[in-house]
Amino acid sequence: MAVRIRPCLLAVAFFAAAWVSVFNSCSEKVDNSQKSFNCMPCSRTYVADAYLDALTGQLAQHRDLTEVPETADLCKGLDDDLDVPVLSEVHRQLVGEGSHRRLVYSVKFGNCEDDAVKFLDGYAANLVIIEKLPSGVFADPFELQHFVERKVFLDVAVFGDTNLELPSALSNRSAVEIHFDFKPSTTMDCNLVVELPLHARYPPLDSSGYATVEFGSPDLLLHYRKKDTHPDSCIWVSKNLDAEPVDKAVWRVPCGNGAHAGFVSSLTFISALVCSMSVVLAASLIS
């Protein structure tokens, strides 16, 4: 009897496991669809304001930038099925040499000819790129403000550690949020090219002569609102574009070799001593 019952129990366990797997899969799809967009009042300028800890912390890669429970009620009544431009391609590459380089984003949207133009008739929209910078790299907020003044960006902000003088070992991580006007892209087949200038901090000594810095995938969102709205009822909708992970950008930053520290220190000391003695001797001769 025990031999006959065992196959039945195995079959029941198999079907139960399959049902739990399907239920979890459906739940994940529902959760993902609910988190695909979020809303915030127009009085708040930056999406990343609510994510400072997540953006600059070690778990930044695992936080959903469109999940803001405290503002979820703002989305009630908004049409989640609106035909917004769909992201078709995104590429990113690190350009330049040495300690000053640029991240260049190439973003392309589909359904551009009809849907995008119709969408922009009733909505103001911009592309938001949030780049979580690794340790050892910083963006100069003063330099980026010049991009805003020249109308290259609609707006830009740096979150986290903005001290430009600290070396890599003493600095914390930071993040950059760029707002780029979406409307001009309709005249260029919905192709956008965005450049972000970056700078390397002084890295720790390394025997190889280089410190390696890797960039993870950025967050891309479509930020839009209705054009004809009263300021008190104005709501920004931030839709996650669900971009595929881009290839990691790797930056090899030149650094000092620990084996040369003694020689460099001695040479620096001797040079400083000779210069000081020359100044004292010249002063005594003149007097």
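**Figure 1. The whole chain, by helices and strands.** Helices, of at least four residues, and strands, of at least two, are DSSP runs numbered from the N terminus. In this predicted model, the chain comes to five helices and 12 strands. Buried residues make up 37% of its 287 residues. Now take the contacts in the chain with a separation of 6 or more: residues 24 or more positions apart account for 76% of them. The accessible surface of the chain is about 17,400 Å². Carbon and sulfur atoms hold 58% of that surface.

**Figure 2. A disulfide between Cys 42 and Cys 234.** A disulfide is a covalent bond between the sulfur atoms of two cysteines. The count here is one disulfide. It joins Cys 42 to Cys 234, with an S to S distance of 1.9 Å. Cys 42 sits in the loop between strand S1 (37-41) and helix H2 (52-56). Cys 234 sits in the loop between strand S10 (219-226) and strand S11 (235-240). The pair therefore ties together parts that are 192 residues apart in sequence. The torsion about the S-S bond of Cys 42 and Cys 234 is about -60°, so this disulfide is left-handed.

Figure 3. Cys 234 is buried, because its relative accessible area of 9% falls under the 20% limit. Cys 42 has 23% relative accessibility and counts as partly exposed. Cys 275, at 49% relative accessibility, also counts as partly exposed.

Figure 4. Helix H4 spans residues 141-149. Its buried residues are Leu 144, Phe 147 and Val 148. They cover an arc of only 100° around the axis, so they lie on the same side of H4. Phe 142 and Glu 149 are exposed on the other side. The cover over the buried residues of H4 includes strand S6 (155-160), strand S7 (174-181) and strand S8 (191-200).

**Figure 5. The two ends of helix H4.** At the start of H4, look at Asp 140. One of its side-chain oxygens reaches to within 3.0 Å of the backbone nitrogen of Phe 142. Just after H4 comes Lys 151, with a positive phi of about 65°.

Figure 6. Strand S12 covers residues 249-254. Ala 249, Trp 251 and Val 253 form its covered face. Val 250, Arg 252 and Pro 254 form the uncovered one. Strand S9 (residues 210-215) runs antiparallel to S12, and six bridges join the two. Across from Val 250 in S12 stands Glu 214.

Notes
Residues are numbered from 1 along each chain as its sequence is written. This is a predicted model: local features need pLDDT of at least 70, side-chain atom pairs count only at pLDDT 80 or more; totals for chains, interfaces and linings use all residues. Side-chain values use heavy atoms; hydrogens and water are left out. A disulfide is a pair of cysteine sulfur atoms within 2.5 Å. Buried means under 20% relative accessible area, exposed over 50%, partly exposed in between (1.4 Å probe, protein chains only). Two strands pair if DSSP finds at least two bridges between them. Contact means heavy atoms within 4.5 Å. Accessible areas come from the Shrake-Rupley method with a 1.4 Å probe; for residues, only the protein chains shown count as cover. The arc is that of the directions from the helix axis to the C-beta atoms. A polar contact is a pair of N or O atoms within 3.5 Å; within protein, one must be able to donate a hydrogen and the other to accept it, and residues adjacent in sequence count only if both atoms are side-chain atoms.
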